[in-house]
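Hi,

Here is the structure I said I would pass on.

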Amino acid sequence: MNDALGTIFGFLGGTIVSCAEGYRVLEHPNFKRVYPRLSEAKWFLALRWCEQLSTPAGILNHEGHLAFYNAASLRVGDEQFVPVYYRTLVFEQCLKRPLGETFLYPCPWNVGKQTLRVIGLEIDPRFGRIALVQSIGKDIVPRQIPSS
């Protein structure tokens, strides 16, 4: 019998259990869903972490792209949430810190109104580190959507 079967561990407020077929996430809406790779189960929990927040949040990758962002980020606009110019700077700060460390990044594009909470994680070793970013502080103003 494999010693890894039945191993349980937490990740971003969720629980992952190893099984013969792969990995189950206990918080998944489909309790029968099995992920073949641990990284896929972690990715699901990272997306869930972003989605459950009421403030703008997203996943910043090593290329400086927001690989995912939640509905609150969509309302304010990704450029207002984390402008393209600053994404690489935020990610570089993430790389200088240990995995899992949370730090605050003051936002020069929205001085006094917004700070980013940043958490550096490794979900899949094939692709390297990602940064979970969440806006904290005063609300940022939603972008204006032109009427048709």
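The protein has four helices and eight strands, where helices (H or I, at least four residues) and strands (E, at least two) are DSSP runs, numbered from the N terminus. Reading from the N terminus, the order of elements is β-β-β-α-β-β-α-α-α-β-β-β.

Before you dig in: this is a predicted model, so local features need pLDDT of at least 70 and side-chain atom pairs count only at pLDDT 80 or more, while totals for chains, interfaces and linings use all residues. Residues are numbered from 1 along each chain as its sequence is written, and side-chain values use heavy atoms, with hydrogens and water left out.

Some overall numbers, then. Of the 148 residues in the protein, 43% are buried; buried means under 20% relative accessible area, exposed over 50%, and partly exposed in between (1.4 Å probe, protein chains only). The accessible surface comes to about 8600 Å², and carbon and sulfur atoms hold 55% of that (Shrake-Rupley method, 1.4 Å probe; for residues, only the protein chains shown count as cover). Among contacts with a separation of 6 or more, 40% link residues 24 or more positions apart, a contact being heavy atoms within 4.5 Å.

On to the strands. β2 (residues 14-19) and β3 (residues 22-25) pair in the antiparallel sense over four bridges; two strands pair if DSSP finds at least two bridges between them. A hairpin of two residues joins β2 to β3, and Cys 19 sits opposite Gly 22 in β3.

Strand β4 (residues 57-60) is worth a click. In a regular strand the side chains alternate between the two faces of the sheet. Both faces of β4 are covered, with Ala 57 and Ile 59 buried on one side and Gly 58 and Leu 60 buried on the other. β4 has two partners to look at:

- β8 pairs with β4 in the antiparallel sense over four bridges, and Leu 60 stands opposite Ala 131 in β8.
- β5 (residues 66-69) runs antiparallel to β4, joined by three bridges, with Gly 58 opposite Tyr 69 in β5. Five residues lie between the strands in this hairpin, and Gly 64 takes a positive phi near 85°.

Staying with β8, that strand also holds Ser 135. Is Ser 135 buried or exposed? Ser 135 counts as buried because its relative accessible area is 4%. Leaving aside residues up to four places away in sequence, Ser 135 touches Thr 55, Pro 56, Phe 81, Gln 114, Thr 115 and Leu 116.

Gly 100, in the loop between α4 (84-95) and β6 (102-106), is partly exposed, because its relative accessibility is 41%. Gly 100 and Leu 12 are 88 residues apart in sequence, yet 10.0 Å apart in space, C-alpha to C-alpha.

Last, the largest pocket. It holds about 250 Å³ of space and is lined by 14 residues, with Trp 43, Ile 123, Asp 124, Phe 127 and Ile 130 nearest its centre. The elements giving two or more residues to that lining are α1 (38-51), β7 (115-124) and β8 (128-136).

For the record, a pocket here is an open set of points on a 1 Å grid over the protein atoms alone, where a 1.4 Å probe fits, with protein on both sides within 12 Å along at least five of seven lines; lining residues have an atom within 4 Å of a point. Grid points are joined across faces, edges and corners, and a volume is the space filled by probe spheres set on the points.

Cheers
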